Amino acid sequence: FRSTPRFSEKMLVALLLSSRGALPADDTKGGFVGCKTSIAYFPEHKVALCTVPKGSSSSWREFARRVYAVDQGKPSPANWCGRNRPDFNGCLLDQPGAPPGVKSFDQLKNLVEKEHYMPAVFLRDPIERTLSAYTGTGHAHGPDPTKTTFAQFVDQLEQGVYNGNQHMAPQMKLCDYGRWRNESGIPWKFASSTPRHHQNSEETTRRAQDFVSNIFGSEMMASIKKNWTQCTGFTEDEFYSYTSEAKAEGDLVTPELRKRIEALYSEDVEAYAESERQYSSAEKIGRASCRERV
């Protein structure tokens with residue numbers, strides 16, 4: 001998630017509106033209003049990938065379209081660039097050319113338990129995601145930061161003002177169709193962005209690439225790595241290339257507000273911490289392996 005110098009809220013909203021459509025009036029995913037499809041599945045790889053609003057979902061959904069196009073032997077951008085379609089409405093997995101989507105919890109459970117699909121999700125730091133929801137959801141019935149303070153936004157979250165809006169919904173509940181994680185029983189494979197207190201877009205991109213290699217294989221990673229964000233309108237060869245003010249707004253998170261946000265998104269905090277532990281463990285194993293080879 002790239003950090004850039006601050007710019008006006010009008011410019012921010014204009015950028016978001018240029019890349020995403022208005023929030024659809026659908027109520028189809030665990031009671032959350034938004035795109036009909038957030039989870040795509042890939043028969044060639046036996047993977048079910050959950051894409052989370054305010055977690056670079058547009059990048060992940062464009063990526064999902066590209067993987068599916070490659071699987072179908074149609075790697076040309078003309079086949080998978082959802083943003084270039086005249087019918088683009090902000091929901092990339094609901095458009096023609098998208099991979100098959102998971103439409104219900106029962107379908108997800110069947111894919112995982114009976115067809116042995118790997119359920120995978122790339123999580124965003126819950127505190128940073130909350131800041132991003134505050135500064136970047138004006139296009140989707142979110143707050144206007146010029147009229148609402150961050151503390152007031154947290155008050156509204158606690159009061160349920162945005163209940164049902166996918167952009168503010170807990171990441172794990174979105175993936176589990178509104179269910180608690182222990183209730184769903186879905187054994188998600190996690191990966192995550194770098195923590196808010198030391199955001200690093202290059203490191204987050206590397207984590208995303210490792211995640212892709214682990215779940216889709218190194219050959220797929222190699223086939224899509226170069227210019228894999230070419231449909232976003234950015235020139236950098238990075239997965240996370242959207243402008244974000246979340247880091248610049250980090251001083252808004254007081255210790256008290258942090259505790260309240262963590263309480264609101266307790267399952268996300270737990271899942272994110274689990275992902276961080278797994279990542280740190282894998283890094284240690286990797287370094288030890290390198291030392292042994294040397």
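Guide: Lys-173 is buried, at 14% relative accessibility, in this predicted model. Its salt-bridge partner is Glu-267, with the closest N and O atoms 3.5 Å apart. Because Lys-173 sits in helix 7 (residues 171-175) and Glu-267 in helix 12 (residues 266-293), the bridge ties together parts that are 94 residues apart in sequence. Glu-267 counts as buried too, with 12% relative accessibility. Elsewhere, salt bridges with shared partners connect Glu-203, Arg-206, Arg-207, Asp-210 and Glu-276 in one network.

Another pair to look at is Asp-155 and Arg-260, whose side chains meet in a salt bridge at 2.4 Å, N to O. This one links distant parts of the chain, 105 residues apart: Asp-155 belongs to helix 6 and Arg-260 to helix 11 (residues 255-264). Asp-155 is partly exposed, at 30% relative accessibility, whereas Arg-260 is buried, at 18%.

Helix 6 (residues 150-159) also meets helix 5 (residues 126-135): their axes come within 11 Å and cross at roughly 105°, so helix 5 is roughly perpendicular to helix 6. Thr-130, Leu-131, Ala-133 and Tyr-134 of helix 5 make the contact with Phe-150, Phe-153 and Leu-157 of helix 6. Of these contact residues, six are nonpolar, one is polar and none is charged.

A further charged pair is Arg-124 with Glu-128, a salt bridge of 2.7 Å, N to O. Arg-124 is buried, with a relative accessible area of 3%, and Glu-128 is buried, with 1%.

Notes. Residues are numbered from 1 along each chain as its sequence is written. This is a predicted model: local features need pLDDT of at least 70, side-chain atom pairs count only at pLDDT 80 or more; totals for chains, interfaces and linings use all residues. Side-chain values use heavy atoms; hydrogens and water are left out. Axes are lines fitted to C-alpha atoms, for helices over the stretch in contact, and angles run from 0 to 180 degrees between N-to-C directions. Helices (H or I, at least four residues) and strands (E, at least two) are DSSP runs, numbered from the N terminus. Angles under 35 degrees count as roughly parallel, over 145 as roughly antiparallel, 65 to 115 as roughly perpendicular and the rest as oblique. Contact means heavy atoms within 4.5 Å. Ala, Val, Leu, Ile, Met, Phe, Trp, Tyr, Cys and Pro count as nonpolar, Asp, Glu, Lys and Arg as charged, and the others, Gly among them, as polar. A salt bridge is a side-chain nitrogen of Lys or Arg within 4 Å of a carboxyl oxygen of Asp or Glu. Buried means under 20% relative accessible area, exposed over 50%, partly exposed in between (1.4 Å probe, protein chains only).
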